[in-house]
Amino acid sequence: MILGKCPYCDDGSIEVRDKEVSGKKVKLYACTNAHWKTEDGEVFELRDDATCEFRIWQNALAKYGKWLTYKEVRELLEKETLDVELLSKKHGKKIYYNKHIILNPEYGVSVLWE
């Protein structure tokens with residue numbers, strides 16, 4: 001499934017890939033020109049034939065209680081920014097708050113903390 005054009009290379013598209021990390025299934029939204037290898041299933045490195053390294057892990061914001069959906073990634077690729085609801089657990093209470101996320105060439109996405 002193609003979600004959109006890669007923001008960092010001329011001829012790449014962002015596709016959905018199924019991965020398993022630490023025994024858990026997770027989606028990887030990656031450029032069609034990004035080719036990864038792993039020996040242990042946890043550390044992924046670019047292969048020599050990769051011409052782009054852009055990727056967003058579905059669980060990139062998991063520590064904030066957020067897993068990115070296809071629709072959200074598609075919108076992020078189009079607009080380069082997206083409002084998301086994040087979660088903080090403080091003193092046993094759940095606090096929800098809205099933040100902007102943006103594309104980041106190194107990490108896939110970043111939260112704008114203002």
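## Working through a predicted fold

For 114 residues, a compact globule would have a radius of gyration near 13 Å, and the protein's 15 Å agrees with that (taken over C-alpha atoms; the globule rule is 2.2 Å times the number of residues to the power 0.38). This is a predicted model, so local features need pLDDT of at least 70 and side-chain atom pairs count only at pLDDT 80 or more, while totals for chains, interfaces and linings use all residues. Residues are numbered from 1 along each chain as its sequence is written, and side-chain values use heavy atoms, with hydrogens and water left out.

**Exercise 1.** Work out the order of helices and strands along the sequence.

*Solution.* Start with the inventory: one helix and nine strands (DSSP runs numbered from the N terminus; helices are H or I with at least four residues, strands are E with at least two). Then read along the sequence, and you get β-β-β-β-β-β-α-β-β-β.

**Exercise 2.** Find out how the buried residues of α1 are arranged around its axis.

*Solution.* First pick out the buried residues (under 20% relative accessible area; exposed is over 50%, partly exposed in between, with a 1.4 Å probe and protein chains only). In α1, residues 70-79, these are Glu72, Val73, Leu76 and Leu77. Looking down the axis, they fall within an arc of 135 degrees, so they line one face of the helix (the arc is that of the directions from the helix axis to the C-beta atoms). Finally, step past the helix to Glu80, which has a positive phi near 65 degrees.

**Exercise 3.** Decide whether Lys99 is buried or exposed, and list its contacts.

*Solution.* Locate Lys99 in strand β8, residues 93-104. Its relative accessibility is 16%, so Lys99 counts as buried. Next, skip neighbours within four places in sequence: Lys99 then contacts Leu82, Asp83, Val84, Leu86, Val111, Leu112, Trp113 and Glu114 (contact means heavy atoms within 4.5 Å).

**Exercise 4.** Trace what Pro7 meets beyond its sequence neighbours.

*Solution.* Pro7 belongs to the loop between β1 (2-5) and β2 (13-21). At 31% relative accessibility, Pro7 counts as partly exposed. Leave aside neighbours within four places, and its contacts are Ile14, Phe54, Leu77 and Leu103. Take Leu77 from that list: it's 70 residues from Pro7 along the chain, yet their C-alpha atoms are separated by 7.0 Å. Leu77 is also one of the buried residues of α1.
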